[in-house]
Amino acid sequence: MTTTSNDAVLAAVGLRKSYGALEVLKGLDLTLARGEVVALIGPSGSGKSSFIRCLNMMETPSGGDILFRGRKVGDKFRDAGETIGIGTLRRQVGMVFQHFNLFPHKTVLQNVTEGPIVVCKTPRKEAEDRARELLAKVGLADKHAAYPNHLSGGQKQRVAIARALAMDPQVLLLDEVTSALDPELVGEVLTVIRQLAEAGMTMAIVTHEMAFAADVASRVLFLDQGVIAENGSAQDVILKPTNPRLQAFVARFRG
Amino acid sequence: MTNYQWDFFTVWQNYDLFLYGMWITVVYTFGSIFFGVVIGFMTCAARLSSWRSLQAIARIYQEIFRCSPLLVQLLWFYYAFPLLVGGSIDNRVAAMLTLSLYVGSFYAEIFRGGIVSIDRGQREAAAAIGMSPWQSMVRIILPQALKRMLPSFINQSIIQFKNSSLVSVISVADLAYMAAVVNGQTYRPLESYTVMAALYIALLLPLTQIADWVERRLRASD
């Protein structure tokens, strides 16, 4: 797939990340086009999570740039000159975490309305109506008054997705969102993500669910030792791998 | 001892001194708790800031006040500090200042402990929806941290109530000081100091009960 700069929503250019002497990302490039679903796969320690966390500046890159709709993201929270602020970036780039990270002192509805009300200054009534819509969409309309601790893992993750969607993000970053779930709860979360993909949401997904990645992703990246070792269609990368390390990796997940 | 003639009446005739002492004890306790919270909050903020020298100053203050006895601090501020700066210090000012600095150093650690105990994922989730560090602290981290701090905070405050009796050594007229005054007037140490002990217990018992109740409530809502 080729992308022109017009429909590029989020891009990483020569992205590097080091923790002390350990370099985990060694100059990665990625352009996410509008409506594209990119799956990031690779062995643990390959840098997938560090990479996706750099895309919304959750980790500060050691080198290289993040571009949002063609504008460079700066290191300040607010916009400064030509660069856009980290806060501005995150308002438009949602993230869902492996461990949900719901706010335990707030109800499900409050978890979803928190961003719009506090960050976007949306009127409460409007934010709550939208939150109810989103909760219905992820199949949790009846749970709006519950506290996160009373939900199953799958339900928590669907609330977390609704919380991210409440900001009307241009891009959604999903970081191993099913890895902490019991196997029987994985399906309900994947179903929601599949619906988002079908609705045209631009997403970057770090996952170990090969079948799901092959099914939902328009493009698959295989990360290995801090570089993008393969970049292509699901057909090429997951179903007919040629790279021997990729073959070994995929074979382990086929079972 | 068997023939001892208890005489609480003579002691009780000085009830106004005990009442005044209790009032002063309450004033110094709650006054120093108030200032201690302010000091503790600022110290905690300094410890959590990214400014190294500020962290160091806060750390040094904390260690000085946590690692020396309150009695020693009171004596130093009242008798030594004025010589150092060339002047004199009112014993009431020295007492309030020392009590506040002392409890503030412990509060700072309670506040800091509560904040850093909140899972990193909470801050990340707040950041991911575009919250500023300040919004994240006020709306997400602090509400959860306060709940965790509360039992330790109440406990430290109860200890502070009892520690306030040390201000009597620099002649602040608190309950302990007044008991000594009554003893001096009546020559009835057994009665004077028994009444003092009973009054401390009467003041503190409701507080420990409240602490237990708060702790039970917090546990129930988890």
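**Salt bridges**

The model is a predicted one, in which local features need pLDDT of at least 70 and side-chain atom pairs count only at pLDDT 80 or more, while totals for chains, interfaces and linings use all residues. Residues are numbered from 1 along each chain as its sequence is written, chains are lettered from A and ligands numbered from 1 in the order in which they are written, and side-chain values use heavy atoms, with hydrogens and water left out.

**A:R53 and B:E124**

I looked up the salt bridge between A:R53 and B:E124, where the closest N and O atoms are 2.7 Å apart. A:R53 lies in helix α1 (residues 48-55) of chain A and B:E124 in helix α6 (residues 120-128) of chain B, so this pair joins two chains; helices here are DSSP runs of H or I of at least four residues, and strands are runs of E of at least two, numbered from the N terminus. For burial I used relative accessible area with a 1.4 Å probe and protein chains only, calling a residue buried under 20%, exposed over 50% and partly exposed in between. A:R53 is buried at 8%, and B:E124 is buried at 11%.

**Two pairs within chain A**

I next noted that A:R130 forms a salt bridge with A:D168, with the closest N and O atoms 3.0 Å apart. This pair links distant parts of the chain, 38 residues apart, with A:R130 in helix α4 (residues 124-137) and A:D168 in the loop between α5 (153-165) and β7 (171-175). A:R130 is partly exposed, at 29%.

For A:D215 and A:R194 I also found a salt bridge, its closest N and O atoms being 3.0 Å apart. A:D215 sits in helix α7 (residues 210-216) and A:R194 in helix α6 (residues 183-198), 21 residues apart. Both are partly exposed, A:D215 at 49% and A:R194 at 28%.

I then recorded one network, in which salt bridges that share partners join A:R53, A:E59, B:R120 and B:E124.

**Nonpolar cores**

Finally I turned to the nonpolar cores, each a set of buried Ala, Val, Leu, Ile, Met, Phe, Trp, Tyr and Cys residues joined through side-chain atoms within 4.5 Å. The largest has 55 residues, and those with the most contacts inside it are A:L10, A:F51, A:L55 and A:L173. Leaving out residues up to four places away in sequence, I see A:F51 touching A:A12, A:L15, A:L25, A:L28, A:L30, A:L40 and A:L223, where contact means heavy atoms within 4.5 Å. Another core, of 38 residues, lies apart from the largest one and has among its members A:V37, A:F100, A:L134 and A:L140.

Definitions and conventions:
A salt bridge is a side-chain nitrogen of Lys or Arg within 4 Å of a carboxyl oxygen of Asp or Glu.
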